[in-house]
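Thanks for making the time this morning. I would like to walk you through one structure, and I will go from the whole chain down to single residues.

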Amino acid sequence: MVPLWMFLTVAAALFVIGAYGVLARRNAVAVLMSVELMLNAVNINLVAFWRFSDPVASVSGQAFAAFIFVVAAAEAAVGLAIIISVYRSRYSVVVDDVDMLKW
Amino acid sequence: MIDVPSFAELNLEVALPGIFLALFTTVLLIVDLFIPKDRKITTAHLTIGALVVAFVLNLPAFNAGETAMNEMFIADAFAGFVNMIVITGAIITVLLSVDYMKRSGIEHGEFYSLLLFSVSGIMFMGSANDLIVVFIALELLSIPLYVMAALRHDDVKSEESGIKYFILGAFASAFFVYGAALIYGATGTTNLPEIFRAIAGADGIVATENSAMIYLVIGAAMVIVALGFKVAAVPFHMWTPDVYEGAPTPVTAFMSVGAKAGGFAGLLRVMIIGLPLLVVNFGDAVETMAIGETITVPSAWQTALWLIAAATMIFGNFIAISQTNVKRMLAYSSIAHAGYILMAVAAVGTVQITKVAENDYTMVAVYAESALNGALVYLLAYTFTNLGAFAVVMSLENNDGSGTMLDDFNGLSKRHPLTAAMMAFFMLSLIGVPTTAGFIGKFLIFDAAIQAGLIPLTIIGVLTSAVSAYYYVRIIVNMYLKDAAVTDEAVGLTPYVNYATIVAFAGTLIFGLFPMLALDLLASSGAQIATLLF
Amino acid sequence: MALEQFAPVGMLLLLSTGLVLIILNISAVFGPKNPTTRKTAPYESGMKPIGPAVRRLPVKFYLIGVLFILFDIEVIFFLPWAVVFRGLGFYGLIVMGLFVFILTVGLIYEWKKGALEWE
């Protein structure tokens, strides 16, 4: 069986890639995708931890992962709506153009 | 075979305030569709009615000390108190919003539903007994706030504050779940009391030499980062002034107290119930302890919180001095106030170890109760005071969002003596002058921090409070000693806003004069947490 | 560690990738090449191409897209329920009924708001 540390490494790598994307990408939609990547990295972690603990006794890891899926979708929907709203008033989704208030 | 719980086992009645509010809000969303556009005041009245009902339902659940929904939810004094704070805060927010929304042309019935969703999120956060519930509550309180911040969609500033809050908020949520996943991996459970028991270990002292410890420390750090973002602690505060300035003022007012109460409720739940005994470095003293001897050690996260609290108090107060827009100044002052509450959280991390017998130790976070009381009373005082201050700022704000500069307060005592007097009182409460609620909160927190041995941090707290007096008193000076250049009418000074200001004033005054009212409510919180854990 | 368990998967991956590459490139290698400007231009039913090919979509598509994400993902809760449907019995039915009720409220809301109307 694939050992636990491999899953954790993949998850950590995905999380870091996502975090880099949030900080470095300038397109708001790409930032949103990076956030989703981070959340999915967490899902890998959770399911791996669940599988390597006592999978029958407790399914908290799986349940947590399911909730993260759903919440991530809700977050993405709200985020896209706000991005569209900004786009309509400025014709740009580049985060750097959103500069009325100083960061 | 699956173990199906019966409805009686779920013990839903102790979760009733939160469940009622969440379900009512869902229905309100539909009801609002059938209310004509010029009668949205009805929705506001329904909202206040629901909040009052939730407040009443909260009273029997207050001291129940029982868990619900398979131990994922708990109703104790802590939860009841958080519910009380947030419901009162929400009622004042609704009073503030009614006229403001109308005169700035953003009157949507959905606003009230969003507000109530956020409120129920904070209520679930206060009652969370499981990391999954903490996460869902965190999102339930944040997602409506993202929308509410961007509500003024004809104003680019408001949209911008919405998108900033959203991006950074989602980023912080990802950190929270990553931390929660690592804590789950280390302990094999998401239930906070079970995490506590897993950390405390069989012989009462944690094994330091294993990978679970690394997961726990990284997990705790990430949870602190995420919740530190929600409560606007330095260095995770970058979003605060922009979002506060851009969002509609009632939303800002609610954000500054509601999101803060929710974030701190989550932080206190995780730190006091889940991770208080997370000690990595016991030092040599444990090796040489005699039987019956007692020593205190800091938990792994205390230093981190110490630094964050100190940075938050210093940064927030000093930047607030240079602000000329009162809304922005209140944003920085809200950062500074988060620092004081973080001081109380840091005080929880002082752990007492007693050697009972050979290879048998007991570890107790002895100052958890006084720190918890301090943090909660501070939150209560801050809720009333800050909402009051925002109410006054709002009554001066013009329809286009201007009118919130420091100079706009000049000569207010002559134009509106009562409002000016209440504003002066709110400012004194924010400084922490005796007879105000703010003093009680600060006193309890400093007291807990000194007990826990955080003397330098307490000194920083006292000094920065003195610094904060400068910019709060400046408003009083402007109101009483300067003459106004213009004498235009305060457009926002409507009856509803007046009610809100008076409610906030009454709360600040009553809890300032009779602090035992709040402390009695919290009397059993520590004992309840102890029974929960052992 | 037993990486050799993954050998069949690896072989399948290599074979399928290789096959796709061969099929895609075989015509480029063997076919005659005689390019002109007309031939390399994008195909627009015989017309001369006007403007860039990527065009902005009406915002309606985004609205439907956002609604789709929501209702699509929420269904994840049905999956575990369906797996243990018999075991949960009446209890599961009530709890899922509550869940469906909340979803329905969302549907009614967007319907009444006119989000589902295309024009």
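**Chain B, from fold to residue**

Let me begin with chain B, which has 21 helices and five strands, where helices (H or I, at least four residues) and strands (E, at least two) are DSSP runs numbered from the N terminus. The radius of gyration of chain B, taken over C-alpha atoms, is 23 Å, close to the 24 Å that the globule rule (2.2 Å times the number of residues to the power 0.38) gives for 534 residues, so chain B is as compact as a globular protein of that length.

A word on what we are looking at: this is a predicted model, in which local features need pLDDT of at least 70 and side-chain atom pairs count only at pLDDT 80 or more, while totals for chains, interfaces and linings use all residues. Residues are numbered from 1 along each chain as its sequence is written, and chains are lettered from A and ligands numbered from 1 in the order in which they are written.

Along its principal axes, the C-alpha trace of chain B spans about 75 × 55 × 40 Å. Of its 534 residues, 63% count as buried, meaning that 20 or more other C-beta atoms, placed from the backbone, lie within 10 Å of the residue's own.

Leaving aside neighbours within four places in sequence, Val345(B) is in contact (C-beta atoms, placed from the backbone, within 7 Å) with residues including Leu267(B), Ala371(B) and Ala375(B).

How many residues of chain B are in contact with chain A? There are 33, and they meet 34 residues of chain A. Helix 7 gives the most to that side of chain B, with 17 residues.

Helix 7, residues 156-187, also holds Thr187(B). Thr187(B) is buried, because 24 other C-beta atoms lie within 10 Å. Beyond its neighbours within four places in sequence, Thr187(B) is in contact with Ile195(B), Ala198(B) and Ile199(B). The C-alpha atoms of Thr187(B) and Tyr215(B), which are 28 residues apart along the chain, are separated by 9.3 Å.

Finally, the contact between chains B and C takes seven residues from chain B and 10 residues from chain C.

Definitions and conventions. Contact = placed C-beta atoms within 7 Å. Buried ≥ 20, exposed ≤ 12 C-beta atoms within 10 Å, placed from the backbone.
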